[in-house]
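This briefing covers one protein chain, grouped by topic. Please look over the sequence and the 3D view before reading the points below.

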Amino acid sequence: MVKKLRETISQRKGFTLVELVVVLIILAILAAMLAPSLMGYIDKAKDKRVVAEVHQAVIAAQTLADETYALAEGETPDYASVTLEDVAALAETKGSIEAVTVETATGKVVYASVSLGGVTGYYSEDGGIVSSLTAETAPSDPGETAGYVSFSSEG
């Protein structure tokens, strides 16, 4: 009997169905444990990407505002001549630049917002750059109130 069992075991090639199922179950459990932690990294990556896009947009907008302010030394700068399309072209962002607001007295960018992949990033002079994933409330845009001007969209 023992001799016959040894012969059967030595002739067997490959794995049994039970062994394969056990390995697959273990792999499924490991994958289920790993998936939630990866989702956190994906959200963080989206957050970082939109923050970088806002940073690019603010730098581009400030560059255009500085050029407009410098060209009109001694006069009231014509910030209305700068468009969101100009900012987008200079910033080369993949996201959609929704708003940029400049303080007319200083020519400083005080607000900007950019949307990318369902996430919106905001820049405000007071709060820096935040995204809709991490901010509890979006900063407010001073818009067209006295002393501020928003870059317009062509068309």
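**Overview**

The accessible surface of the protein chain is about 10,400 Å², and carbon and sulfur atoms account for 60% of it. The model is predicted. Of the chain's 155 residues, 30% count as buried.

**Fold**

- Three helices and five strands make up the secondary structure of the protein chain.
- In sequence order the pattern is α-α-α-β-β-β-β-β.
- Among contacts in the protein chain with a separation of 6 or more, 55% are between residues 24 or more positions apart.

**Nonpolar surface patch**

- A nonpolar patch on the surface is formed by Leu17, Val18, Val21, Val22, Val23, Leu24, Ile25, Ile26, Leu27, Ile29, Leu30 and Met33.
- Together the residues of this patch have about 1,200 Å² of accessible area.
- One of them, Ile25, is found in helix α2, which spans residues 17-71.

**Salt bridge**

- The structure holds one salt bridge.
- The partners are Lys108 and Glu125, whose side chains meet at 3.4 Å, N to O.
- Lys108 lies in strand β2 (residues 108-116), while Glu125 lies in the loop between β3 (119-124) and β4 (128-131), so the pair ties together parts that are 17 residues apart in sequence.
- Lys108 has a relative accessible area of 37%, so this residue counts as partly exposed.
- Glu125 is also partly exposed, at 37% relative accessibility.

- Helix α3 covers residues 84-91, and its buried residues are Leu84, Val87 and Ala91.
- Viewed down the axis of α3, these buried residues fall within an arc of 60°, so they line one face of the helix.
- Glu92 follows α3 and lies in the loop between α3 and β1 (96-103).
- Although Glu92 is not a glycine, its phi is positive, at about 55°.
- For context, most residues other than glycine have a negative phi.
- Glu92 is exposed, with a relative accessible area of 66%.
- Thr93 is found in the loop between α3 and β1 as well, but Thr93 counts as buried, at 15% relative accessibility.
- A polar atom of the Thr93 side chain lies 3.3 Å from the backbone oxygen of Gly95.
- Leaving out residues up to four places away in sequence, Thr93 touches Glu53, Gln56, Ala57 and Ala88.

**Thr120 in strand β3**

- Where does Thr120 sit in the secondary structure? Thr120 is found in strand β3.
- Thr120 is buried, with a relative accessible area of 14%.
- The side chains of Thr120 and Ser115 are joined by a polar contact of 3.1 Å.
- Which residues does Thr120 touch, not counting those up to four places away in sequence? They are Val50, Glu98, Ser113, Val114, Ser115, Val130, Ser131 and Ser132.
- Val54 and Thr120 are 66 residues apart along the chain, and their C-alpha atoms are separated by 9.0 Å.

**Ser150 in strand β5**

- Ser150 belongs to strand β5, which runs over residues 148-150.
- With a relative accessible area of 18%, Ser150 is buried, because the cut-off for a buried residue is under 20%.
- The side chain of Ser150 makes a polar contact of 3.1 Å with the side chain of Thr101.

**Points to locate in the 3D view**

- For the salt bridge, find the side chains of Lys108 and Glu125.
- For the polar contacts between side chains, find Thr120 with Ser115 and Ser150 with Thr101.
- For the positive phi, find Glu92, the residue that follows α3.
- For the buried face of α3, find Leu84, Val87 and Ala91.

Technical notes:
Residues are numbered from 1 along each chain as its sequence is written. This is a predicted model: local features need pLDDT of at least 70, side-chain atom pairs count only at pLDDT 80 or more; totals for chains, interfaces and linings use all residues. Side-chain values use heavy atoms; hydrogens and water are left out. A salt bridge is a side-chain nitrogen of Lys or Arg within 4 Å of a carboxyl oxygen of Asp or Glu. Helices (H or I, at least four residues) and strands (E, at least two) are DSSP runs, numbered from the N terminus. Buried means under 20% relative accessible area, exposed over 50%, partly exposed in between (1.4 Å probe, protein chains only). Contact means heavy atoms within 4.5 Å. Accessible areas come from the Shrake-Rupley method with a 1.4 Å probe; for residues, only the protein chains shown count as cover. A polar contact is a pair of N or O atoms within 3.5 Å; within protein, one must be able to donate a hydrogen and the other to accept it, and residues adjacent in sequence count only if both atoms are side-chain atoms. Patches are made of residues with over 30% relative accessible area and no salt bridge: like charges are joined within 9 Å, nonpolar side chains (Val, Leu, Ile, Met, Phe, Trp, Tyr) within 5 Å. The arc is that of the directions from the helix axis to the C-beta atoms.
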